Amino acid sequence: MTMLTQRPAWRALEAHYQAIRGAHLRQLFADDPHRGERLVAEAAGLYFDYAKNRLTDETIGLLVALAEECGLRAKIDAMFRGERINTTEDRAVLHVALRAPRGAVIEVDGVNVVPEVHAVLDRMAAFAAQVRAGGWAGFTGKPIRNLVNIGIGGSDLGPVMAYEALKHYSDRHLTVRFVSNVDGSDFAEATRDLDPAETLFIVASKTFTTLETMTNARTARAWLLGALGDEAAVARHFVAVSTNAAEVAKFGIDTTNMFGFWDWVGGRYSMTSAIGLSTMVALGPERYRELLDGFHAMDEHFRTAPFASNLPALHGLLTIWYANFSGVETVAILPYDQYLKRFPAYLQQLTMESNGKSVTLAGTPVAYQTGPIYWGEPGTNGQHSFYQLIHQGTRLIVCDFIGFATTLNPLGNHHDLLMANMFAQAEALAFGKTAEEALAEGTPAWLAPHRTFAGNRPSNTILAARLTPATLGALTAFYEHSVFTQGVIWNINPFDQWGVELGKVLAGRIAPELAGEATPALAHDSSTNTLIRRYRALCGRT
């Protein structure tokens, strides 16, 4: 296979970058007054404006050529066909099957998995309807009023992001909480004001052995039994999202209340699997299906649209352009909607766990940057926090602005002010303010350098009519497929995560060394040994 950096399109992009690296967005817009009308794409209810990027039409043509040289279309087709493109784990990658319509055909090893997916969705819908209607009673006969999802990583970030994003549509008679951190404070605060007799726990762990999740689940079990006193209560207050029936039954959960999924569902791509059970209970089955429909609409767009007008492919290629040719290291996710407050955190896992890789599919070291750092904060909160660095700092940061034409909570002119700020920030980043402009405003000469903005800071704007379940689905799938596009170009596997394993193994060794009363023999490095001894001394265990 030809090395990425030796491909003709890559070399052409290197030369092209040198030719246009001095171009400023002020000049690009002056030379092409209709640029902002042309460098846009639209699909699945999302309007994607990428005009405020440091590029030309030639740049897009070369990026599309790179995608074609790297076989992006064939890789997309392979994913949708159910081929085992997760090569290090020998698995298919079929999160797209989780939102396929009932009559679709998507096969893994010759078996259509869509009927299985909808069988689980139907069971989830029946369960959600029962809980929402008060038909699911706790052990004492009280209806369930509190729902606590226990998971971590993809079993937490997806559901909590979706719940917060779509809270406007949720059943407000239900209190919905999420516990993920093994820090006991997370569980304590999530349950502090809940009545155990009215609380249902969803334990989300594929293997039912995940350390953090099962530690929290056992604590939840003890909390429940401390109040209700009877082991039989567990079956009325716990359900499982898992594939390990034996461990689920051993915990005390009736396996008829176990919702399964498949090894071709990766954790960070699992929010539309049974991992979304808490989301479905909160929203109701109809709204949840609207969410799935939004995902599917973007899936189909990504599968079929030409790359030059394909939203996720374009976004992924722009990420390549900045990470590999402009030296950009971070991407700021800036949603101008408070409901999307957990969206940047969700994208951190999706992007950085997927593409934080330093070896190719063949196991050879990469010779280029992969996996930029994703971070962000909603709306004008960020403007009063880190925008100073984006505008006038020494680092170049790409920004994704996300906004909606209509608010879910109309209050006076709040929404117009919010969106005015979003459009203004993108404009200010692109065009800045010259020293001459600052002086013309009456700024003293000595102060002008401090009030000068270089501009030429790139951004994308994603605009939709309204934050609905379908819109959230399309937006999430947009980023999923952007990540996939990047992974294909970089020739890495965006579907495994071996890098998280070593710390888990070492934690398993260290935990008993911290807990015991007898002084253990320590065989770590001098720093770790000293920290363990200091910890034990502070806990009075030496």
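## Phe-208 and its loop

Phe-208 sits in the loop between strand S7 (199-204) and helix H9 (211-228). Helices (H or I, at least four residues) and strands (E, at least two) are DSSP runs, numbered from the N terminus. This is a predicted model: local features need pLDDT of at least 70, side-chain atom pairs count only at pLDDT 80 or more, and totals for chains, interfaces and linings use all residues. Residues are numbered from 1 along each chain as its sequence is written, and side-chain values use heavy atoms, leaving out hydrogens and water.

Phe-208 is not a glycine, yet its phi is positive, about 60°. Most residues other than glycine have a negative phi. Phe-208 is buried, at 3% relative accessible area. Buried means under 20%, exposed over 50%, partly exposed in between (1.4 Å probe, protein chains only).

## Ala-44

Ala-44 lies in the loop between strand S1 (40-43) and strand S2 (46-49). Its phi is also positive, about 50°, although Ala-44 is not a glycine. Ala-44 counts as partly exposed because its relative accessibility is 31%.

## Nonpolar cores

A nonpolar core is a set of buried Ala, Val, Leu, Ile, Met, Phe, Trp, Tyr and Cys residues joined through side-chain atoms within 4.5 Å. The largest has 134 residues; Trp-264, Phe-343 and Tyr-479 touch the most other members. Helix H20 (residues 469-490) gives the most to this core, 11 residues. A second, separate core has 24 residues, including Ala-197 and Leu-228.

## Leu-538

Leu-538 belongs to helix H22 (residues 526-538). Leu-538 is exposed, at 71% relative accessibility. From Arg-91, Leu-538 is 447 residues away in sequence and 46 Å away in space, C-alpha to C-alpha.
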